[in-house]
Amino acid sequence: MAKKEKGTKAAKARPERMLEDGRIKLLLGFVLVSLVLIAFKGISTGLDLQGGSIIQIQAERPLTPGEMEQVTRIMDERLRGVFAVRDIRVRGWGNEFVIVEIAGITPEEAEKVIGKPGQLVVRIGNTTAFTGDELTRVESFRKEPSTGSWEVPFTLTEGAAERFRDVAKATDFDRVNMYLDEGTRVKVNSERPLEGVEGVLERAGYKGKVNATKGLTGVTTEINLDQTLEDLGEDGKRRIAEALNSTGAGIREVAFERSGLVNSAPIGDSLREELIRGQVVKALVLELGRDEKDREEAKRVEVILRSGALPIKVNVVGSYGISATLGEGFARNAILAGILAFLGVTLVIFLRYREPRVVLPILITGFSEIVIILGFASLINWNIDLPAIAGIIAALGTGVDNQIVIIDEILLEKERSIRKKIESAFFIVMSSWMCIVAAMIPLFIVGLASLKGFAFTTIIGATSGVFIARPAYARMVQYLVE
C-alpha cells in the first residue's frame, strides 16, 4: 500500500513538474504574449483575404529601367504615406506599364494618389515663382491653432527663395496660387448638349475629361486638359474653340482657366515686410481649409511633396476591385485547409504510435507554433495572405516531422540515455532547420511579392519551432516517458 501511494503522489506531481520546467514555461510565455498581441493589435490580412484594388497604369512613353524604378518607388511611397495599409505591391510590367495591388482601398481612392504626376507649381499672380523640385524639406502636416487651418510647412532652396522674393515685388505682392498637377479647365456654355466631345478634341490634337451639367440657361460642360495655359497658347485656344463650334451645339461661350489649384492666399503682412526689405525667406507654409476633407488633402499633399513628382505623365488604363466577400471565401477555404491538414497529421501520428500521450504533446506544440507565428506577424504588422497561410501549413508539417524524429529516437533507441537520445534527435532537427532557412531566404529576397509571405511564415514557423517549441516538446516527452 505504501509503495502504491508513493507512486500515485509521483504521478500527481508529474504535471506540476512539467509546468515548472523552464523550456515549457518559455513556450507558454511566447504563446501568452502572442495571444495578447493578436487580441489587441489584430492580424493584418492581405489583398486576397481582405479585398482591395488592382490598378493598371500606363506611362506616356516607354521608360528606361532607371525611370521605371523611380516611378514604382514614388507610387509605393505615396500609397504607404497616405493609406495605413501594409499590403501594397507596386511593380513594373514591361517598360510601359505599372501594376498596383493594394488591400482594403477602392480603385477611386488609390487613383487620387497615384493617377497624376504630383508636380507642384507656385505662381504669384500668373508668374511662376518656384516648383516642387526646388523644395529641400517638407514637414508633417499640422493644424495651425490660431486659424484652425490645416497646413503643410516646407523649405525652399536659396535660388527658389530669391526668385519668390523677386516675383512678389514685380507683381506688387499679388495672391500666391499653388497648383498641384496644373492643367487647363475649359468651360463651355451651349444651347444643346455637346456630342462626341472626346473625338472632336482628338481631331484638334488634345485629350480631355468631360463633365456636363444641364441648367436653366443651357448646358454647361467642363473639359479638363493636361496642358497648361502656357502650353496651349493662343493658337491652341483658337483651335479648341473652333472644334467645339463645329459640333453644332449652339456654343455661347468658351472660357479657359487654370485647374489644379490647391491653395490661393495673399502674402501675409509680416512676410511682405521681410520681402520688401530684401530678405530671402526659405520657410513657407501651404495652407488649406479647416474641414476634415482639408485634413485629408493636407496629408495627401505632404506625401506627394515628400515623394516628389513622377518623371513622366501616367494614365490609369484599367482598374477593378476585389470584393471583401470574395476574400472572406478565400479565408474560409484557407482556414478549412489548415484545420484539415492539422487533423490529418493528428490521425497519421495516432495510427503510427497508438498512444494519446504521444499525440497530445505534438498537437499542443503544433497549435503553439501557429499562435506564435500569428503573434509575430501581428507584432510587425505583417500581412497574412494565402501564400502566408500556405507557409504556416508548411511550417506545421516540418514541425511534426521534427517531432517524429524526437519521439522515434526516445522510444526506439534502447541503449542510450534519454539525454543522449534527445541530443541525437536535435542534431537532425537543427540540420533540417538550416536547410529550410537556406532554401527560403533566397525566395524571400529575390522572389515574387506573392511568394514572400510563404517564405517569411515558413522561416518564422521553423525558427520558433526549433528554438522554442521543439525543446519544450522534448521535455514533455521526457516527463511522459519517465
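## Surface patch, pocket and salt bridges

I335, L336, I339, L340 and L343 make up a nonpolar surface patch with about 490 Å² of accessible area together. Patch members have over 30% relative accessible area and no salt bridge; nonpolar side chains (Val, Leu, Ile, Met, Phe, Trp, Tyr) are joined within 5 Å, like charges within 9 Å. Areas follow the Shrake-Rupley method with a 1.4 Å probe, and for residues only the protein chains shown count as cover. I339 sits in helix α11 (residues 324-353). Its relative accessible area of 46% makes I339 partly exposed. Buried means under 20%, exposed over 50%, and partly exposed in between (1.4 Å probe, protein chains only).

This is a predicted model: local features need pLDDT of at least 70, side-chain atom pairs count only at pLDDT 80 or more, and totals for chains, interfaces and linings use all residues. Residues are numbered from 1 along each chain as its sequence is written, and side-chain values use heavy atoms, with hydrogens and water left out.

**The largest pocket**

The largest pocket holds about 1700 Å³ of space. Its lining has 45 residues, and G115, K116, P117, K209 and D226 are the closest to the centre. A pocket is an open set of points on a 1 Å grid over the protein atoms alone, with protein on both sides within 12 Å along at least five of seven lines; lining residues have an atom within 4 Å of a point. Points are joined across faces, edges and corners, and the volume is the space filled by probe spheres set on them.

Several elements each supply at least two lining residues, among them β1 (52-59), α5 (107-114), β9 (176-190), β12 (251-265) and α10 (292-307). Helices (H or I, at least four residues) and strands (E, at least two) are DSSP runs, numbered from the N terminus. The lining divides into 15 nonpolar, twelve polar and 18 charged residues. Here Ala, Val, Leu, Ile, Met, Phe, Trp, Tyr, Cys and Pro count as nonpolar, Asp, Glu, Lys and Arg as charged, and the others, Gly among them, as polar.

**Salt bridges**

The structure holds 24 salt bridges. Each is a side-chain nitrogen of Lys or Arg within 4 Å of a carboxyl oxygen of Asp or Glu. The table lists some of them.

| Pair | N to O distance |
|---|---|
| R185 and E222 | 3.9 Å |
| K187 and E257 | 3.9 Å |
| E230 and R258 | 2.6 Å |

R185 in strand β9 and E222 in strand β11 are 37 residues apart. R185 is partly exposed at 21% relative accessible area, and E222 is partly exposed at 25%. K187 in strand β9 and E257 in strand β12 lie 70 residues apart. K187 is partly exposed at 33%; E257 is partly exposed at 29%.

E230 is in helix α8 (residues 229-245) and R258 in strand β12, so this pair ties together parts 28 residues apart in sequence. E230 is partly exposed at 44%, whereas R258 is buried at 13%. Salt bridges with shared partners join R123, E182, E230 and R258 into one network.

**Positive phi angles**

Most residues other than glycine have a negative phi. F173 has a positive phi, near 55°. F173 is in the loop between α6 (158-170) and β9, and is buried at 15% relative accessible area. D181 also has a positive phi, about 55°, and is not a glycine. D181 belongs to strand β9 and counts as buried at 17%.

Definitions and conventions: On a 1 Å grid over the protein atoms alone, a cavity is a set of points where a 1.4 Å probe fits but cannot get out, and a pocket is an open set with protein on both sides within 12 Å along at least five of seven lines; lining residues have an atom within 4 Å of a point.
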